[in-house]
Amino acid sequence: MTKFLEQEFICYELFGIDIILDEDLKPWLLEINISPSLHSGTPLDVSVKAPLAKDVLNLAGIYVPPSFDKLHTADYSTRPRNRNKTREQLVKEASWVAAYKDQSGVIDNRIFKRLTPEDTRALVEFEDELERAGDFKLVFPTPQTTHYQRYFIEPLYMNILLQQWQIAQEGDRSIGISRLEQLCRQKHMQSDQDEKI
């Protein structure tokens, strides 16, 4: 990826996981394919793989040019998170990771009291991805997966933020989404352009 791509966010990987169920409905992992074939040679292949390909491209947020003649001039390199973090963001991340360690993995909604532009951007992108997930199911983070955080060597701020967001949105996502929409209308995400380190 480093050798061939200028922008790492345009690289995605799809794994094919083959699982068989025995007579007791116990699942057994057969293999994981790092490059599963999306070739459709039969009607069954088309009915399974076409929706999968559609969901993969939608989830990845692939930008489709408006017409075929603009295919070679389309710019796929622009993404809003392609820049350095502000001092405010770095301080907030360090303090919440430290608090997470000190409190044995317990975080609460105070992490949302002052959303930085970077926090807002991450949460907007997260909600956007959830909206276009198609038949994909989110496995982490969910309100029920807080115990998976311990498998990371070091706690990551964005994992902590998204985990707590999922817990806070469990009953009604519309409240959190309304807050994000309000911040976007206030151009909150543009306010991190001033101070970069």
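**Close-up views of a predicted model**

**View 1. Strand β1 in the nonpolar patch.** With three residues, β1 gives the most to the nonpolar patch. The model is predicted: local features need pLDDT of at least 70 and side-chain atom pairs pLDDT 80 or more, while totals for chains, interfaces and linings use all residues. Residues are numbered from 1 along each chain as its sequence is written, and side-chain values use heavy atoms, without hydrogens and water. Strands (E, at least two residues) and helices (H or I, at least four) are DSSP runs numbered from the N terminus.

**View 2. Residues of the nonpolar patch.** Phe-15, Ile-17, Ile-19, Leu-21, Leu-25, Leu-29, Ile-32 and Ile-34 make a nonpolar surface patch of about 860 Å². Patch residues have over 30% relative accessible area and no salt bridge, with nonpolar side chains joined within 5 Å and like charges within 9 Å; a salt bridge is a Lys or Arg side-chain nitrogen within 4 Å of an Asp or Glu carboxyl oxygen. Areas are Shrake-Rupley values with a 1.4 Å probe. β1 (16–21) and β2 (27–33) each give two or more residues.

**View 3. Leu-25 in the loop between β1 and β2.** Leu-25 counts as exposed because its relative accessibility is 64% (exposed is over 50%, buried under 20%, partly exposed in between; 1.4 Å probe, protein chains only).

**View 4. Buried residues of helix α2.** Gln-89, Lys-92, Glu-93, Trp-96, Val-97, Ala-99 and Tyr-100 are the buried residues of α2. Seen down the helix axis, they fall within an arc of 160° and so line one face; the arc is taken from axis-to-C-beta directions. They pack against α3 (117–131) and α4 (157–168), contact being heavy atoms within 4.5 Å. On the other side of α2, Val-91 and Asp-102 are exposed.
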